[in-house]
Amino acid sequence: MCGLVAMLSKRQFGFNQNEVDSFSQMLFVNQLRGKDGTGIFYNFKKDNFNNTALKAAVPSSVFVEQTEFDNAISTVFKESKYIVGHNRAGTKGGVAIKNTHPFREKHITLVHNGTLYKHDYLHPTYESDSKAIC
């Protein structure tokens, strides 16, 4: 089963350093729930508070060491109201970036835990049940 972690800020913009560190640690530990991919999404004022996503088909222990993650966390620290993380335990679809959460379609950003059998009824061309839901 996949794992989800999230934080909301009480401040108008951004998180304090302890909160950012706590999120990073939660995402790292959440690897116990899945090591087939890791992703986050968050908002920031520069992008009119739209969701921004970052993901890779790697365990969170590798993900949190990447420069791209450090850059995202820096933005979260200064400007975000929320951040959501996902660790994937692949049940449908192979280990690949295309099957790693979060999924984005138009105005929807989705992370999902669980397995949806017969997802091809929703969308027959997607390997991942979560992508079909989105």
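Strands E2 (residues 37-43) and E4 (residues 82-88) are paired in the antiparallel sense over six bridges. Within this pairing, Thr38 is found opposite Asn87 of E4. The model is a predicted one, with a pLDDT that averages 84 over the protein and reaches at least 70 for 81% of the residues. Among the elements, the highest mean pLDDT, 96, belongs to helix H2 (residues 60-63), and the lowest, 62, to helix H4 (residues 129-133).

E2 and E4 belong to an open sheet of four strands, ordered E1-E4-E2-E3 and paired antiparallel. Strand E1 (3-8) and strand E3 (51-56) form the edges of the sheet, each pairing on one side only. Direction ignored, neighbouring strands are turned against each other by 10° on average.

Two helices lie across this sheet. Helix H1 lies across E1, E2 and E4, and its direction makes an angle of about 175° with E1. Helix H3 lies across E2, E3 and E4 and runs at about 30° to E2.

The crossing of H1 and H3 is right-handed. On the H1 side, the contact is made by Gln17, Val20, Phe23, Ser24 and Leu27, which meet Phe69, Ile73 and Phe77 of H3. By class, this contact comprises six nonpolar residues and two polar ones, with no charged residue.

Leaving aside residues up to four places away in sequence, Met7 touches Phe15, Glu19, Ser22, Phe23, Met26, Lys81, Tyr82 and Ile83. One of these contacts, Phe23, is also among the H1 residues that meet H3. Lys81, another residue touched by Met7, is 74 residues from Met7 in sequence, with a C-alpha to C-alpha distance of 8.4 Å in space.

Technical notes:
Residues numbered from 1 in each chain as written. Predicted model: local features only at pLDDT ≥ 70, side-chain atom pairs only at ≥ 80, totals over all residues. Heavy atoms only, no water. Left-handed = near helix turned anticlockwise from the far one by under 90°. Contact = heavy atoms within 4.5 Å. Nonpolar A, V, L, I, M, F, W, Y, C, P; charged D, E, K, R; others polar. Pairing = 2+ DSSP bridges. Axes fitted to C-alpha atoms, helices over the stretch in contact; angles between N-to-C directions. pLDDT = per-residue confidence, 0-100.
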